[in-house]
Each structure stands twice: as structure tokens, then as C-alpha cells.
Amino acid sequence: MAEVVFDHVTRIYPGNDKPSVDDLNLDIKDGEFLVLVGPSGCGKSTTLRMLAGLEEVNKGRILIGGKDVTTMQPKDRDIAMVFQNYALYPHMTVADNMGFALKIAGTPKDEIRKRVEKAAEILDLTEYLDRKPKALSGGQRQRVAMGRAIVREPKVFLMDEPLSNLDAKLRVQTRTQIAALQRQLGVTTLYVTHDQTEALTMGDRIAVIKLGILQQVGAPTELYDRPANVFVAGFIGSPSMNLNTHPVVNGKAKIGEDTVDLPKEAVAKLTAEDGNKIVVGFRPEDASLATPDDPNAFSLKVVNVEDLGSDGYIYGNIITDGSAAEASQVMSDQNKLTTIRVNPRALPKVGDTVKIKIDPSKMHLFAPSTELRLN
Ligand SMILES: Nc1ncnc2c1ncn2[C@@H]1O[C@H](COP(=O)(O)OP(=O)(O)O)[C@@H](O)[C@H]1O
Ligand SMILES: [Mg+2]
């Protein structure tokens, strides 16, 4: 077992002018399950491949268990990888697939058998050891791929979107199994995904990356409750946070034709670059229907409603100048509607105008110029 450290690590691919991973500083604690999450192309696989030794590091150092491995051969790093495409050898049995890397490394036969049987037991594959991959379900094949990594008893597991090839239901089951397995084995794990739900449900901590630059690292609830910037706020959480830029008038946010109180300390942090504007964020569950005369609520023109049985959702436009046509400027997506979670037994109708109140303790405020958190 081992701690992993990325120390100012940069990767610029030949021919690219911008780094794919830019000055990354990240510590993964001994035994920790760290999820690296971000949109496609943000540098997740590059980060993982540098740790594996499959990609050159241009600047900085990588340490495993206190040892500098930056220029070390992949085979000497004591890591095991599980990829998205975990191709198994079709002509080999499950047991042979799982033990293949050990056989290549010259491990004695009975030692291989012992480790394979132990891994099979953990993975619930004992009765399938003599089968060929084609006689297994997708989930079982995925577990064999995990088994191949486990039998090597590495210091670090590296997983690059290992659930991408599974259907939605199996993905949910398997993510629970992998998280439980990692806790049982206690092996330091770097897990890469573009799926924020996987990140929230699996990781001890999450590292969010955008365009090669680390945005925030923290426990799932920390990132959910206190996103450090607009990007993390919009990326973590589903349905995603409502984020709009509004004028600041007399210390209040002007939302459509209404005004909403803002904490003084947050407003005080705005600068000239922000041009008397503020980004107000709130999650769909942190707002509710208000009475028409509520002084601290804003108007929303309802364009769609959804009754999911357990939850109801209202989708609407903030009303400006008495019409819904000109909604406030949206940071992440110009056409995004404001989403509010409500009691499904008290849904308004499409076309209604309703008053919405944000829970003031759950408001997320950001500076438009820097997109950094203010409160
Ligand atoms: N071998 C390569 N040569 C040049 N550019 C690459 C190479 N591999 C990846 N990139 C670029 O580096 C960036 C990060 O890629 P990658 O780490 O694969 O992202 P992710 O895994 O987050 O989707 C992308 O812009 C990608 O196009
Ligand atoms: Mg990738």
C-alpha cells in the first residue's frame, strides 16, 4: 500500500501548444479511493497514464510510497490498471485470464492458483473459474478484469472509466461493488470517470479537472455543498445547479423584476471587474414555491413540469420586463431553464407564473470576472 503524490506535474503532447495536464498537485492518501472527474478531453486519462508510466512527464515529479517513479518503467511501479476496454483472452478460461500477468512474470503455479482463487472468492467468481469469457455476462466479465488487477496485489489500482461499457443498471450495481471491494482491499486507488454521479457515490474524495487544470479536491459533500467556482458548481450535482448572472442593485440581486437579499460580506468582495453583477447559484432542491407577496422571491414562468412520483420538477424562465422572453444571462448554457424541485402533489401548470424563494443558507455566490466563490 502506498501514498501517491503528483508534484507540479505537466504533460504537453508533442505538437500541442497547450499542456494536457497543467501543473498538477495532488496527494492520494494511503488506502484512499480518489476519483478524478471532468468532461471528455480534460486530461484524466493523461494523468492516469503518467502515473502508470505509459506517458512521459514533461515537468514535475510523481511519487508512489515516497519513491520518485517519474522515469521508472511501468512494470517496476507496482501498479495495476483496469481500462474501459478490458479485453479478455477469449480462448483462455477465467482462471487463466486472471493469472496471465503473474504467469508472464514467472510466478510459481501454485502461488498463481492461490491468488486467483482468493480473488475469485472476493469477486464471487469461484464457480466460473473454468469457463471461457463468452459464457459470462457483461458484469461477470467486468469482474474478471478486476480480478486480473487484484491478483497482482499492487500498491495502487488505476481505473480508467471501467464501467463505460456496461448498461445503465449494471453500471449502478458494479459501481457499488467496486467501491466496496476497494474498501475491503484497502489499496490506494485512482479512478477516472466523466460521470459526476460515479464520483459522488464512489470516492472518498473527488478531484475535479477542467482543461488540464485541477479545480477543486474534496469529499463529495464538500464539493456539493461548497463548490469553489462556477465550473465545479455546474458540474457536480444532477439535476445541475441553477446558475445565472444578475445585476446587483442596492446590495441585492435583481432577478427578473424582483430583488433578492444577498449577504453583505459576499457583495463586499465584488470588484470593478465584476461590473455590478453577481453569479447566483442554487440547487433545484434548495428553492421552493413562495407566496405572491413574499418580498424576497422572484417570478418564474413555468414552461414544463415533471412528476416523477417521489419528486416534482418545475422548469421555467425568469421573468424580465413582464415577459419570459428575455431570461437572465446564463453562465453555462444560454438556453438552460431554471429548475426547481417541489412536492409532486403540488405542481403548478405549464403557463403559470409562480414565485420562487431560494433558501438563503443554500445560496452559492460567485464573482462574474473570476468565477470564484464569494460566500
Ligand atoms: N497522444 C496524444 N497526442 C496529442 N494530444 C493528445 C494525446 N492524447 C491526448 N491528447 C489530448 O490531450 C487532452 C487530454 O486528453 P485525455 O487525457 O485523453 O482526456 P480525458 O481522458 O479526460 O478525456 C485532449 O485534448 C486530447 O486531445
Ligand atoms: Mg479518457
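His8 sits in strand β1 (residues 4-11). Strands are DSSP runs of E with at least two residues, helices are runs of H or I with at least four, and both are numbered from the N terminus. His8 is not a glycine, yet its phi is positive, about 50°. With a relative accessible area of 41%, His8 is partly exposed. Here buried means under 20% relative accessible area, exposed over 50%, and partly exposed in between, with a 1.4 Å probe and protein chains only.

This is a predicted model, in which local features need pLDDT of at least 70, side-chain atom pairs count only at pLDDT 80 or more, and totals for chains, interfaces and linings use all residues. Residues are numbered from 1 along each chain as its sequence is written, chains are lettered from A and ligands numbered from 1 in the order in which they are written, and side-chain values use heavy atoms, with hydrogens and water left out.

**Overall build**

The protein has 9 helices and 20 strands. Its C-alpha atoms fill a box of roughly 80 × 45 × 35 Å along the principal axes. Of the 375 residues, 49% are buried.

**Other backbone features**

Asn250 also has a positive phi of about 50° without being a glycine. Asn250 lies in the loop between β11 and β12 (252-255). Its relative accessible area is 75%, so Asn250 is exposed. The peptide bond from Ser238 to Pro239 is cis, with omega near -5°. Pro239 belongs to the loop between α8 (230-235) and β11.

Which residues surround ligand 1? They are Tyr13, Asn16, Ser20, Pro39, Ser40, Gly41, Cys42, Gly43, Lys44, Ser45 and Thr46. Each has a heavy atom within 4 Å of the ligand. By class, this shell holds 3 nonpolar, 7 polar and 1 charged residues. Ala, Val, Leu, Ile, Met, Phe, Trp, Tyr, Cys and Pro count as nonpolar, Asp, Glu, Lys and Arg as charged, and the others, Gly among them, as polar.

Polar contacts are pairs of N or O atoms within 3.5 Å; within protein, one atom must be able to donate a hydrogen and the other to accept it, and residues adjacent in sequence count only if both atoms are side-chain atoms.

| Residue | Part of the residue | Distance to a ligand 1 oxygen |
|---|---|---|
| Ser20 | side chain | 2.7 Å |
| Gly41 | backbone | 2.6 Å |
| Ser45 | side chain | 2.9 Å |

Taken alone, ligand 1 exposes 560 Å², and the protein buries 58% of that. These areas come from the Shrake-Rupley method with a 1.4 Å probe; for residues, only the protein chains shown count as cover.

The buried ones are Lys44, Thr46, Thr47, Leu48, Met50, Leu51 and Ala52. Gly53 follows α1 with a positive phi, near 90°.

**Pocket and cavity**

Rolling a probe the size of a water molecule over the atoms shows where empty space is left. On a 1 Å grid over the protein atoms alone, a cavity is a set of points where a 1.4 Å probe fits but cannot get out; a pocket is an open set with protein on both sides within 12 Å along at least five of seven lines, and lining residues have an atom within 4 Å of a point. Grid points are joined across faces, edges and corners, and a volume is the space filled by probe spheres set on the points.

The largest pocket has a volume of about 670 Å³. Among its 24 lining residues, Ile79, Ala80, Met81, Ala101 and Arg152 are the closest to its centre. β6 (79-82), α2 (94-104) and α4 (138-150) are the elements that give two or more residues to this lining. α2 gives the most, with 5 residues. The lining has 18 nonpolar, 1 polar and 5 charged residues.

There is 1 cavity of 30 Å³ or more. The largest cavity holds about 40 Å³ of space. Its lining consists of Asn244, His246, Ile255, Val280, Phe282, Phe298, Ile318 and Ile358. β11 and β14 (277-282) each supply at least two of the lining residues. The lining has 6 nonpolar, 2 polar and no charged residues.

**Two buried strand residues**

Val248 is in strand β11 (residues 242-249). Val248 is buried, at 14% relative accessible area. Lys355 is in strand β19 (residues 353-358). Lys355 counts as buried, at 17% relative accessibility. Its side chain makes a polar contact of 3.3 Å with the side chain of Ser299.
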